Amino acid sequence: MTDFRSAGFIAARSKMTENPCLASRPCALYFKLHSGKTMAAFHSHHPPEDCVNCEHRHLRMFCNLTPEALQDYDGIGIMMSHARGAKLFSEGDPARNVFIICFGQVKISSTSRDGKTMILKIAGPGDVMGLSAVLANVPHEVTAEAIEPCQVKTVRKQEFVDFLGRHGIASMHAAQSLSGEYLTVFHDAKRLALSGSAAGRLARLLLDWGRTAANGKPEIRFTMALTHEEIANMAGTSRETVTRLLNQFRRDQWITIKGSSLTIVKPDQLERLTA
Amino acid sequence: MQSQARSGRMEAVAPHPLAELLECPPATGNLLNGATVPIDFVAGDVLFNQSAISRGLYVVISGRLLRRTERMHAHLLLGPVRAGELVELAAVLGDGCHTYTLTAQSSGSALLLPIQALSLAFQQYPPLRMHLLEELAREVSRAYNACCMTRATKVRRHGPDALGE
């Protein structure tokens with residue numbers, strides 16, 4: 001694990017100085033500079049230093065608590081920053097903490113019986129990680145790795161369980177989070193098992209990501225934080241096939257790709273592929 | 001080695017007995033008992049459909065039921081439900097929509113604990129929610145394991161003609 005003073009922080013800080021507003025994920029982190037000013041001073045949507053004053057709280061499923069519960073929530077756990085590539089926990093590790101993502105994206109993966117790594121989902125702001133393992137009292141079922149600099153609230157197991165016991169709304173949100181996790185797992189299995197072709201599975205994946213990022217907006221655009229190899233892993237196909245299909249979709253003008261930003265221009269065409 | 005670890009993990013997340021999960025003080029127990037709706041089913045009956053709004057928590061008393069998820073003309077069997085199991089905790093505690101379709105394979109009976117009664121019971125006796133939350137966590141853990149199996153196994157895809165149901 002890393003903290004603000006780690007090498008990861010320094011690396012991330014230099015990146016932030018170059019580009020304080022990272023594409024579609026503005027203000028992924030805030031940092032104390034040597035002068036004592038924060039990076040947040042460069043941007044108006046900066047994350048605050050505590051949960052009570054977080055302007056994004058109402059958008060996050062778990063942290064949108066009553067004032068009383070929020071005050072309590074603010075007092076538990078610690079806020080940590082992780083550099084890209086940092087592992088928050090690994091499959092098989094004892095589940096000692098619950099992690100709530102404030103900013104950034106985390107890759108959730110698991111290992112199959114034949115030793116292959118399988119990416120199950122990309123967790124984003126507001127997602128709670130490690131909750132099922134903590135509440136079921138078993139080792140982590142998955143590995144969580146930051147795919148970009150991220151800020152995560154880390155709460156000790158017992159502290160979190162006690163907090164849920166004190167606040168009905170928090171346990172309701174925890175239940176919703178677990179239920180969401182459950183749906184994600186089913187969704188993943190369904191995507192792999194029920195889409196007949198590699199093109200269909202890739203199309204389903206792009207549509208899922210796009211619609212999540214669009215959040216009801218007409219433009220379906222998102223930032224691809226994964227490599228083609230990793231996307232192939234999620235779609236149950238090869239890296240070469242992903243590259244070929246993305247090129248094909250682009251040639252057909254169903255999608256446009258600019259840098260790491262992907263826009264779905266003709267979602268209906270992709271939808272047809274998933275049938 | 002890895003399969004041993006996985007089977008150990010599956011044992012650790014096995015469903016807990018119903019009596020333990022629904023243990024609560026007499027007043028809350030009476031509330032739940034009073035609200036419980038008995039359901040009898042025969043082979044082929046659909047107890048609920050995927051994506052439908054959940055009416056509550058189902059407790060299977062007897063009979064064989066099968067969980068099935070579908071998309072367009074394809075379906076995936078998610079396995080049987082045994083007597084004594086709580087069904088669709090995720091829907092009750094979460095977004096209120098069913099994750100899969102539950103179909104009867106034989107005659108039997110189940111109990112339905114309506115959502116409204118459960119909500120009242122949670123208010124009266126908060127540890128009940130925690131017990132169910134822990135059971136949901138175990139269910140999620142089991143789903144992760146099942147998902148890994150699905151990923152590792154070459155899945156046979158069925159067309160509408162091959163359903164045989």
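Two strands count as paired if DSSP finds at least two bridges between them. With that term in hand, this briefing turns to a predicted model.

- Three strands of chain A form an open sheet in the order E11-E13-E12, and the pairing is antiparallel.
- The edges of this sheet are strands E11 and E12 of chain A, each of which pairs on one side only.
- From one strand to the next, the twist averages 15°.
- Strand E11 (residues 220-223) of chain A pairs with E13(A) in the antiparallel sense, over 4 bridges.
- In this pairing A:Ile220 stands opposite A:Ile264 of E13(A).
- Strand E12 (residues 255-258) of chain A also pairs with E13(A) in the antiparallel sense, over 4 bridges.
- Opposite A:Thr256 stands A:Thr263 in E13(A), while A:Ile255 has A:Ile264 as its bridge partner in E13(A).

**The hairpin and the faces of E13**

- E12(A) and E13(A) form a hairpin, with 2 residues between the two strands.
- In the turn of this hairpin, A:Gly259 has a positive phi of about 65°.
- The side chains alternate along strand E13 (residues 261-264) of chain A.

**Helices in chain A**

- Helix H6 (residues 198-214) of chain A lies across strands E11 and E13 of chain A.
- The direction of H6 is at about 95° to E11(A).
- A packed pair of helices is described by the angle between the two axes and by the distance between them.
- For helix H7 (residues 228-235) and helix H8 (residues 239-251) of chain A, the axes come within 8 Å and cross at roughly 100°.
- Because angles of 65 to 115 degrees count as roughly perpendicular, H7(A) is roughly perpendicular to H8(A).
- On the H7(A) side, the contact is made by A:His228, A:Glu229, A:Ile231, A:Ala232 and A:Ala235.
- On the H8(A) side, the contact is made by A:Arg239, A:Thr241, A:Val242 and A:Thr243.
- The residues of the contact between H7(A) and H8(A) divide into 4 nonpolar, 3 polar and 2 charged.

**Chain B as a whole**

- Chain B has 6 helices and 8 strands.
- Along the sequence, these elements of chain B follow the pattern α-α-α-β-β-β-β-β-β-α-β-β-α-α.
- Of the 165 residues in chain B, 37% are buried.
- Among the contacts in chain B with a separation of 6 or more, 81% join residues 24 or more positions apart.

- Most residues other than glycine have a negative phi.
- B:Ser51 has a positive phi of about 75° although it is not a glycine.
- B:Ser51 lies in the loop between strand E2 (46-48) and strand E3 (56-62) of chain B.
- B:Glu88, which is not a glycine, has a positive phi of about 65°.
- The position of B:Glu88 is in the loop between strand E6 (86-87) and helix H4 (89-93) of chain B.
- Are these two residues buried or exposed?
- B:Ser51 is exposed, because 12 other C-beta atoms lie within 10 Å and a residue with 12 or fewer counts as exposed.
- B:Glu88 is buried, because 25 other C-beta atoms lie within 10 Å and a residue with 20 or more counts as buried.

Note on methods:
Residues numbered from 1 in each chain as written. Chains lettered and ligands numbered in written order. Predicted model: local features only at pLDDT ≥ 70, side-chain atom pairs only at ≥ 80, totals over all residues. Axes fitted to C-alpha atoms, helices over the stretch in contact; angles between N-to-C directions. Contact = placed C-beta atoms within 7 Å. Parallel < 35°, antiparallel > 145°, perpendicular 65-115°, else oblique. Nonpolar A, V, L, I, M, F, W, Y, C, P; charged D, E, K, R; others polar.
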